[in-house]
Amino acid sequence: MPSRMLRIAYRLIRRVQLLDVVQLMHLPIASFDRTATDQWQWSSRYSIDLPTADELRRALQIGTVGPDIGNPDKLESSRQTLVIVRCRDEGPAIIAFLWLCREQVLASENFSRALHLGTSLTMPPGCAFIYNAWTAPQHRGRGLVAAMLAHVIHHTGYSVDAFLTTMDWTNDSSRRAFAKIGMHHLGYIWRCGGGVFQFSLVPKLGGHSQLQIAASAPGLKLAI
């Protein structure tokens with residue numbers, strides 16, 4: 001476990017937008033931890049949906065979700081899918097959501113604090129990237145991320161063989177949430193600098209040779 005002083009130093013450097021370090025995680029559907037979704041089977045409080053662009057625009061207009069959910073125009077693209085959760089006790093409010101992306105993840109869709117240090121990903125067929133996942137504080141710890149993924153896998157026409165995600169390396173709560181459903185660590189991605197003076201340090205992926213990381217990033221890139 002990294003020391004508290006190391007975390008503080010990293011956060012200070014990240015604040016001036018010179019460094020982002022994220023953890024890359026992978027979940028093959030074949031090893032999806034179904035026990036993580038067991039609690040979903042008895043819960044009748046929640047409903048899961050995949051809204052259209054127009055439905056998301058309407059939710060934003062009437063205030064059942066905040067603007068942090070993202071731009072509805074993204075849902076006009078076939079590579080983007082939004083999964084939302086509502087609680088029947090709380091009316092139409094959206095209390096959890098996550099985005100799934102196929103084929104290519106743009107750097108602007110996958111960054112921690114600094115947009116210019118975002119990490120692009122080019123993924124093989126059958127792989128989907130999870131990003132911008134959020135759950136309202138009062139509903140955390142109830143397996144809603146697992147429930148959303150299970151719903152996509154088993155109750156929609158969404159065909160997927162594996163999920164990927166990244167999170168800031170200091171975000172222990174997100175790491176634990178994804179590890180609980182069977183995701184495992186693939187490595188760390190370091191992105192530092194600015195403009196053309198950037199450096200990327202990415203993991204060697206071995207059996208994941210079709211996955212390209214930070215291919216569009218300027219500057220030097222090293223895989224170790």
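The model is predicted: local features need pLDDT of at least 70, side-chain atom pairs count only at pLDDT 80 or more, and totals for chains, interfaces and linings use all residues. Residues are numbered from 1 along each chain as its sequence is written, and side-chain values use heavy atoms, with hydrogens and water left out.

Select residues 4–15, helix α1 (helices are DSSP runs of H or I, at least four residues; strands are runs of E, at least two; both are numbered from the N terminus).

Next, colour R7, Y10 and R14 of α1, which are buried (under 20% relative accessible area; exposed is over 50%, partly exposed in between; 1.4 Å probe, protein chains only). These residues cover an arc of only 65 degrees around the axis, so they lie on the same side of α1 (the arc is that of the directions from the helix axis to the C-beta atoms). On the face turned away from that buried side, select the exposed R4, M5, L12 and R15. Just after α1, Q17 has a positive phi of about 60 degrees.

Move to I84 in strand β3, residues 80–87. I84 is buried, at 2% relative accessible area. Its contacts (heavy atoms within 4.5 Å) include S47, I69 and F97, not counting residues up to four places away in sequence.

Finish at I224, in the segment after β12 (220–223). I224 is exposed, with a relative accessible area of 60%.

Methods
The expected span of a helix is 1.5 Å times one less than its number of residues.
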